[in-house]
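Subject: Structure for you, with notes on pockets, cavities and the ligand

Hello,

Here is the structure I said I would pass on. My notes on it follow below.

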Amino acid sequence: MNEFAYSYPVKTYFGQGAAAKALPAELAKVGEKVLLAYGGGSIKNNGIYDEMVSILKEAGKIVIEFSGIMSNPTYKKVQEGAKLCKEEQIDFILAVGGGSVIDCCKIVAVQARTEEDIWEMEFTKHRFPTQALPMGAVVTASGTGAEQNAGAVITNEEKKIKAGVFGTYAEFAVLDPAYTLSVPFGQVVSGAFDTLSHCMETYFGKPQETFLSDEINEAVMRNTIGNIRSLMKNPEDLYARGELMWDSAMAENGILKIGKVTDFQAHQIEHQLGAYTDCNHGQGLAVIHPVLYRHIYKEGLEKFKRFAIKVWDIPLEGKTDEELALAGIDALADFIKEIKLPTTLTEMGITDHSILKAVAESSNITAGCCKKLTSQEIEEILKECR
Ligand code: NZQ
Ligand code: ZN
């Protein structure tokens, strides 16, 4: 295990009815003017909007709305939110939504506190923001764990780049599994697969040998797989939804990353696929992961073998290390089919394959996993995903 320092800033409230308990206490600590940020309007159909407005009014807040945050939020939308915060002299941001709403707000919060362009600051000057408006997150669709970290994934449409931008942490996060009941089921599953992906991208990071963080990670992966299966049988299962919500938070709250350098190569490829196609994040990962792992497993044989045994319960007997490692990757691929996620780019609606070279060439290459890829290898991987 690498050396580490660990502390965590996000106060997390979990459980049914959590908002009614958490928000009055948290809102009492912040200023009067609150930006209520949300997405395309699902919260108006499922009652969450009315609940938020009533809690905010009860707390004596002046509410300014920032709506229409799209999936795969754009940098333009971030600028719109930051302008609104400045004009309205907002004191606090309440982000109510999935990863997209929460991510957008994490960057709105820092852009609202500086005249410098955040993208330029981070990607050209290689400096990071030091000030932010305080914010809180109410999670309505789980999977990304965005409420737990300070990084946001933002699409810069002009530059055709979807990238991780450093923003701010939420002061608190509200996780109510019942809020997820209205999420379209395909999104529930792709969100939960995103959680599994975060676990794998951490597990296969460096160092390769196994220590406590990886053993906890194995438990989170098994729990995620088991509870996705439970939800496939009964989508109303609130226990399973709650477990998946906490799995999602656990994958991103830093605990599994303690002492590790994470990989996130599948994510880097998927993000660029998203920049070119605006595709669903979890679906893109489901297509990429098995193909990527078949390319690299030989360099990380021990860990892939352990993944097969500990996460997928593949019996040892009579198998070589390589057969075991491949059986684990096959089990992952079979699981993706079982939970009805797409297995090819075509299946997920990406039929213009002429973009794949550009996607490969613009994907970041990480150093974290067992094999460092080249752009040509990423292109091969993407072509195999067709
Ligand atoms: O726009 P609204 O109306 O909110 O509808 C959303 C959206 O259409 C809907 N939804 C959310 N809660 C709902 C609901 N519909 C009915 N009932 C509810 N309770 O679900 C759709 C998808 O929402 P979105 O927020 O886009 O999905 P997700 O949570 O998967 O977030 C995806 C974004 O997060 C980024 C992804 O790249 C993508 O941009 N990620 C962020 C990460 C982070 N910050 O740590 C890590 C991830 O790896 C990921 O990259
Ligand atoms: Zn992800």
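Helix H4 supplies the largest share of the lining of the second largest pocket, with 3 residues. Please keep in mind that this is a predicted model. H4 spans residues 75-88, and strand E6 (151-156) likewise gives at least two residues to the lining of that pocket. The volume of the second largest pocket is about 170 Å³. Its lining consists of Thr 74, Tyr 75, Lys 76, Gln 79, Asp 117, Trp 119, Thr 155, Asn 156, Glu 157, Glu 158 and Lys 159. By class these are 5 charged, 4 polar and 2 nonpolar residues.

Ligand 1

Strand E6 also turns up around ligand 1: E6, H5 (99-111), H7 and H10 (265-277) each supply at least two residues of the shell. H5 has the largest share of the shell, 4 residues. There are 31 residues around the ligand, and those that come nearest are Gly 40, Ser 71, Gly 99, Ser 100 and Asp 103. The shell divides into 20 polar, 7 nonpolar and 4 charged residues.

Several side chains place a polar atom by the ligand. For Thr 140, an N or O atom of the side chain is 2.7 Å from a nitrogen atom of ligand 1. Gln 187 has a polar side-chain atom 3.1 Å from an oxygen atom of the ligand, and for Asn 72 the distance from a side-chain N or O atom to a ligand oxygen is 3.3 Å. On its own, ligand 1 has 960 Å² of accessible area, of which the protein covers 88%.

Cavities

How many cavities of 30 Å³ or more are there in the whole structure? The search finds 2.

The largest cavity has a volume of about 120 Å³. Its lining is made up of 13 residues, with Ser 142, Thr 180, Val 188, Arg 241 and Leu 244 nearest the centre. Helix H7 (185-203), already mentioned for the ligand shell, gives the most to this lining, 5 residues. Helix H9 (238-252) is another element that supplies at least two. The lining of the largest cavity has 6 nonpolar, 6 polar and 1 charged residues.

The second largest cavity has a volume of about 40 Å³. Asp 263, Gln 265, Leu 292, Ile 296, Thr 366, Cys 369, Lys 371 and Leu 373 line it. By class, this lining has 4 nonpolar, 2 polar and 2 charged residues.

Regards

How values were computed. Residues are numbered from 1 along each chain as its sequence is written. Chains are lettered from A and ligands numbered from 1 in the order in which they are written. This is a predicted model: local features need pLDDT of at least 70, side-chain atom pairs count only at pLDDT 80 or more; totals for chains, interfaces and linings use all residues. Side-chain values use heavy atoms; hydrogens and water are left out. On a 1 Å grid over the protein atoms alone, a cavity is a set of points where a 1.4 Å probe fits but cannot get out, and a pocket is an open set with protein on both sides within 12 Å along at least five of seven lines; lining residues have an atom within 4 Å of a point. Grid points are joined across faces, edges and corners, and a volume is the space filled by probe spheres set on the points. Ala, Val, Leu, Ile, Met, Phe, Trp, Tyr, Cys and Pro count as nonpolar, Asp, Glu, Lys and Arg as charged, and the others, Gly among them, as polar. A residue is near a molecule or strand if one of its heavy atoms lies within 4 Å of it. A polar contact is a pair of N or O atoms within 3.5 Å; within protein, one must be able to donate a hydrogen and the other to accept it, and residues adjacent in sequence count only if both atoms are side-chain atoms. Accessible areas come from the Shrake-Rupley method with a 1.4 Å probe; for residues, only the protein chains shown count as cover.
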